[in-house]
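Dear colleague,

I am handing over the structure we spoke about, and below it you will find my notes on what was found. Please read them with the structure open beside you.

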Amino acid sequence: VTRCRAAQLLRVVVITGIGLWSLAPIGLGVATSLSTQADVQAVPARWLPRHAMLDAYRSLLGGTGDFHAGGTVSESGAFAHAMWNSVSVTLMSTLAILCVAISAGYAFARLRFPGRGALFWAIVATTVVPVFTVVIALFELMADAHLIDRTLGLVLVFVSTTTPLAMWLVSNHVSELPTEPEEAALIDGCTRWQAFWHVVLPQMRSGIAALSAIVMLSVWGEFLIPLLLTSTSASKPVTVLIPEYVGKYTTNYPLLAAAGVLALLPPAVIALVLNRHIRGMLSGSS
Amino acid sequence: MLMVAPAVIITAALVIYPLAKGFQTSLESADAAVGGQPRFVGLGNYGDVLRSSTARDAIVHTVIYVTLAVTLELTLGLAVAVTLHRAFRGRGIVLAILILPWALPSVVSGVLWRRVFDPDSGLLNSVLQQLHIVGHPQVWLASRGWALVFIALVHVWGVLPLVSLILIAGLQSISEEVYSASAVDGATPLRQFRHITLPLLRPSIAVALTVGTVWAIKIFDEIYVLNGTALNTRSILMEVYNTTFVNADFAHGTALAFLLTAVTALFAGVYAVAFGRSTT
């Protein structure tokens with residue numbers, strides 16, 4: 001009985017630890033974003049602001065004109081524009097990746113054609129290629145197509161870098177689905193395409209929800225590729241803009257934290273709403 | 001065949017073709033950067049890179065990041081998985097909170113943690129000074145040892161959820177009967193963990209180990225936000241970034257990037273083998 005109680009206690013401790021570890025940095029970010037520079041620079045450090053202020057958000061989203069962020073000046077409206085870039089690039093890329101990855105993943109899992117295995121592994125293997133090995137040639141290709149600093153260029157590159165992983169997840173998912181419903185549809189005279197569209201896709205609903213979430217989170221968080229392929233606010237996503245708020249000598253922490261909090265809201269909402277589906281697919285048991 | 005065509009075309013045009021061009025760049029002299037005609041130098045750039053002291057430091061830093069990150073992820077991940085793999089009230093909420101850090105952009109993780117390590121208004125310094133552990137504020141990210149530890153910690157914050165989920169799935173695949181049978185034979189929980197859980201969990205541990213390694217080996221975003229391109233914390237990818245884009249030395253930058261690809265592919269190969277074995 002004592003051992004049982006000790007185990008129970010241990011579990012409570014570990015669970016509290018997990019909660020603190022996951023949430024404390026986010027809570028600290030929210031608290032910092034509501035602070036003033038005076039709060040942040042106080043000695044000894046003040047963890048919570050004396051009066052919660054929305055000033056940092058106000059300056060970030062414009063309306064007050066230029067804002068001096070520890071030596072760097074942020075244009076008004078730049079952040080809102082970067083958020084818009086991130087949202088549009090994420091949605092366009094996710095839609096394109098889903099179309100390409102679902103059809104290819106399904107075909108690799110179910111159809112038999114020459115070179116299937118080799119082609120599949122060749123595509124999946126490209127997930128380990130770091131972007132620097134391809135970026136110079138990619139830059140030339142994009143320049144020829146006039147796609148540098150354009151959101152469409154980013155979308156194309158994200159589709160090429162994220163499709164392999166997405167396709168792999170889809171083919172794993174499809175190969176775990178029962179084959180009988182499709183076979184029945186094929187025997188009843190459906191074409192392969194009709195069977196895919198009317199029978200397989202509805203079965204994959206949970207998998208597709210998980211996949212869209214995983215793809216959206218990964219595209220939203222991309223940093224290195226847009227850092228290299230964007231140069232102005234025309235296409236800069238929020239992840240590339242945020243490090244620019246880090247000052248060389250002093251940093252305006254409330255402003256930086258406000259930017260971080262706004263950038264974490266969309267992925268946090270996706271992760272919380274779809275977390276059951278995401279867990280299933282990530283742990284390979286969906 | 002039509003269904004795989006888009007995936008094949010996009011991968012060929014935007015990954016395989018640039019990869020071949022990149023490999024060609026890595027075998028040519030760096031003259032193109034200064035307007036000259038590149039000539040073929042074979043593996044010369046690879047040799048140069050391995051002899052450069054900043055690249056060697058970057059390799060050492062990356063090995064330290066990977067070792068710290070993977071060790072922490074596996075030990076903490078196992079503790080999390082053992083606690084959370086069985087059903088209990090509120091488990092769904094705990095799991096939802098657990099995966100939150102993984103969902104956030106790594107740039108944002110860097111931003112959230114940055115204030116903790118700041119030398120002037122940092123919370124770590126403040127706490128340590130109040131406890132009289134340090135007398136003066138420490139510039140944590142400028143020291144070599146601590147900076148690597150803290151950056152690895154921020155990286156672990158984002159990757160631990162994924163490792164934990166893999167290990168939880170592994171634990172759930174172990175049948176309860178094995179435990180009840182051994183309990184009848186008088187095995188203590190600790191012995192059960194040592195002699196049943198760990199061996200049966202080996203495939204999942206292999207997957208978690210390699211996922212952790214592949215993620216840590218290309219660490220970049222967290223370093224960029226926390227410490228920029230500072231020499232004391234540069235990872236291999238940061239060194240590649242600096243060589244290629246700050247110094248405009250495409251040839252050497254690409255050569256180092258290909259070395260990193262080779263090492264990553266090696267680990268991913270281990271992953272594929274381990275995963276293949278666990279599913280059959």
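In this predicted model, helix 10 (residues 205-221) of chain A packs against helix 14 (residues 275-282) of chain A, with an angle of about 90° between them and their axes 8 Å apart. Because angles from 65 to 115 degrees count as roughly perpendicular, helix 10 of chain A is described as roughly perpendicular to helix 14 of chain A. On the side of helix 10 of chain A, the contact is made by Ser206(A), Gly207(A), Ala209(A), Ala210(A), Leu211(A), Ala213(A), Ile214(A) and Leu217(A), while helix 14 of chain A contributes His277(A), Ile278(A), Met281(A) and Leu282(A). Sorted by class, this contact of helix 10 with helix 14 of chain A holds nine nonpolar and three polar residues, and no charged ones.

A second pair in chain A consists of helix 4 (residues 78-110) and helix 9 (residues 192-203), which pack at an angle of about 105° with their axes 12 Å apart. That angle makes helix 4 of chain A roughly perpendicular to helix 9 of chain A. Here Ile102(A), Ser103(A), Tyr106(A) and Arg110(A) of helix 4 meet Arg192(A), Phe196(A), Val200(A) and Leu201(A) of helix 9, and by class the contact has five nonpolar, one polar and two charged residues.

Turning to chain B, 13 helices and zero strands are found there, and the C-alpha trace of chain B spans about 75 × 65 × 35 Å along its principal axes. Within chain B, the axes of helix 4 (residues 91-103) and helix 7 (residues 144-172) come within 5 Å and cross at roughly 140°, which makes helix 4 of chain B oblique to helix 7 of chain B. The residues in contact are Arg91(B), Leu95(B), Leu98(B), Ile99(B), Pro101(B) and Trp102(B) from helix 4 of chain B, together with Trp157(B), Gly158(B), Pro161(B), Leu162(B), Ser164(B), Leu165(B), Ile168(B) and Gln172(B) from helix 7 of chain B. By class, ten of the residues in this contact are nonpolar, three are polar and one is charged.

How do the two chains meet? In the model, 80 residues of chain A are in contact with 78 residues of chain B. The area buried between chain A and chain B is about 7100 Å², and carbon and sulfur atoms give 82% of that area. Within chain A, the residues that lose the most area to chain B are Trp21(A), Phe132(A) and Tyr253(A), which together account for 10% of what that side buries.

Side chains of opposite charge can pair when their charged atoms come close. Over all chains, the structure holds eight salt bridges, and one salt bridge is found across the interface of chain A and chain B. Glu140(A) forms a salt bridge with Lys21(B), and the closest N and O atoms of this pair are 4.0 Å apart. Another salt bridge joins Arg58(A) to Asp55(A), with the closest N and O atoms 3.5 Å apart; both of these residues lie in helix 3 (residues 55-60) of chain A, three residues apart, which is about one turn of the helix.

Finally, a word on confidence, to keep in mind as you read. The model scores ipTM 0.88 and pTM 0.90. For chain A the mean pLDDT is 86, and 93% of its residues reach 70 or more, but over residues 64-73 of chain A the pLDDT is below 50, although this stretch has 25 contacts in the model beyond near neighbours in sequence. Where pLDDT is low, the predicted coordinates should not be read in detail. For chain B the mean pLDDT is 86, and 94% of its residues reach 70 or more. Confidence in chain B is lowest in helix 13 (residues 250-279), at a mean of 78, and highest in helix 3 (residues 53-84), at 94.

With best wishes

Definitions and conventions. Residues numbered from 1 in each chain as written. Chains lettered and ligands numbered in written order. Heavy atoms only, no water. Axes fitted to C-alpha atoms, helices over the stretch in contact; angles between N-to-C directions. Helix = DSSP H or I, 4+ residues; strand = E, 2+ residues; numbered from the N terminus. Parallel < 35°, antiparallel > 145°, perpendicular 65-115°, else oblique. Contact = heavy atoms within 4.5 Å. Nonpolar A, V, L, I, M, F, W, Y, C, P; charged D, E, K, R; others polar. pLDDT = per-residue confidence, 0-100. Buried area = accessible area lost by both parts, 1.4 Å probe. Salt bridge = Lys/Arg side-chain N within 4 Å of Asp/Glu carboxyl O.
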